[in-house]
Amino acid sequence: MSPGIGMPELLVVLVLALVVVGPQQLPVMMRKVGQMMAQARAMAKDFQNSFEEIGRETELSELRREIEALKDANPINQIHGELDKAARGAQEDDIRALKLKHAETGQAEGEDARSDKLAALDVHKPEGATPESDAQADAAASGDAAEPTEPAPARPVDEIKGR
């Protein structure tokens, strides 16, 4: 029983219920009160069980997170990750070095070809050449089509057609 209600208090409640309800309805009322108390206890128990279930689910999710953290903190996985990063860095360095070497050899070949062309032009350069003629010679050496300074002589249309 509860600590605040003793035997004398229960006797007083029982006598009041007997007077208010009557002797014929008292067993029916006590049965209903018992059913209501059972329902209240069942609801309280369900409520308590749901809180305990939520607590268990929370603990399980926390344990799962801790297990995943331990898996991620595996030193072997960390070493693999670091080795992969180092290998990628070495490959990138090798690629950069090859590109730089290729660019340097390409520039050297380009400078050699340009100096050969200039040497060839200097050998064939007439005396008293002007910078304009030098520009035309450079354009001819590089393969650019230079426009002639004088137009070709016009021929009559009859001559072209063969009349």
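This is a predicted model: local features need pLDDT of at least 70, side-chain atom pairs count only at pLDDT 80 or more; totals for chains, interfaces and linings use all residues.
**Patches, pairs and bridges on a helical chain**

Student: OK. Where does Met 7 sit?

Tutor: Met 7 is in helix H1, which covers residues 7-21.

Student: And is Met 7 buried or exposed?

Tutor: Exposed. Met 7 has a relative accessibility of 59%. The cut-off for exposed is over 50%, so Met 7 passes.

Student: Let's zoom out. How many helices and strands are in the chain?

Tutor: Five helices and zero strands. Read from the N terminus, the order is α-α-α-α-α.

Student: What share of the residues counts as buried?

Tutor: 2% of the 163 residues.

Student: Switching to charges. Which residues form the negative surface patch?

Tutor: Glu 109, Glu 111, Asp 112 and Asp 116 form it.

Student: Where is Glu 111?

Tutor: In helix H3, residues 75-123. Glu 111 is exposed, at 55% relative accessible area.

Student: Now salt bridges. How many are there?

Tutor: Two. In one, the side chains of Glu 92 and Arg 96 meet, with an N to O distance of 3.9 Å. The cut-off is within 4 Å, so the Glu 92 to Arg 96 contact counts.

Student: What about Asp 93, what does it bridge to?

Tutor: Asp 93 pairs with Arg 96. Their closest N and O atoms are 3.1 Å apart.

Student: So which residues are linked in the network?

Tutor: Glu 92, Asp 93 and Arg 96 are linked by salt bridges.

Student: How far apart are Glu 92 and Arg 96 along helix H3?

Tutor: Four residues, about one turn of the helix. Asp 93 and Arg 96 are three residues apart in helix H3, and that too is about one helical turn.

Student: Why can side chains like these pair at all?

Tutor: Opposite charges can pair when the charged atoms come close.

Student: Is Arg 96 buried or exposed?

Tutor: Arg 96 counts as exposed, at 52% relative accessibility. Glu 92 is partly exposed at 42%. Asp 93 is partly exposed as well, with a relative accessible area of 46%.

Student: Last topic, aromatics. How many aromatic pairs does the structure hold?

Tutor: One. The pair is Phe 47 with Phe 51, and the ring centres are 4.8 Å apart.

Student: Stacked or edge-to-face, and why?

Tutor: Edge-to-face, because the planes of Phe 47 and Phe 51 meet at 85 degrees. The cut-off for edge-to-face is over 60 degrees.

Student: Where are Phe 47 and Phe 51 in the fold?

Tutor: In helix H2, residues 26-72. Phe 47 and Phe 51 are four residues apart, so about one helical turn separates them.

Student: And Phe 47, buried or exposed?

Tutor: Exposed, with a relative accessible area of 54%.

Student: Give me a recap of the helices we visited.

Tutor: Helix H1 holds Met 7. Helix H2 holds Phe 47 and Phe 51.

Conventions
Residues are numbered from 1 along each chain as its sequence is written. Side-chain values use heavy atoms; hydrogens and water are left out. Patches are made of residues with over 30% relative accessible area and no salt bridge: like charges are joined within 9 Å, nonpolar side chains (Val, Leu, Ile, Met, Phe, Trp, Tyr) within 5 Å. Accessible areas come from the Shrake-Rupley method with a 1.4 Å probe; for residues, only the protein chains shown count as cover. Lys and Arg count as positive and Asp and Glu as negative; His and the chain ends are not counted. The place of a charge is taken as NZ of Lys, CZ of Arg, CG of Asp or CD of Glu. Helices (H or I, at least four residues) and strands (E, at least two) are DSSP runs, numbered from the N terminus. Buried means under 20% relative accessible area, exposed over 50%, partly exposed in between (1.4 Å probe, protein chains only). Rings of Phe, Tyr and Trp (its six-membered ring) pair if their centres lie within 6.5 Å; planes under 30 degrees apart count as stacked, over 60 as edge-to-face and the rest as tilted.
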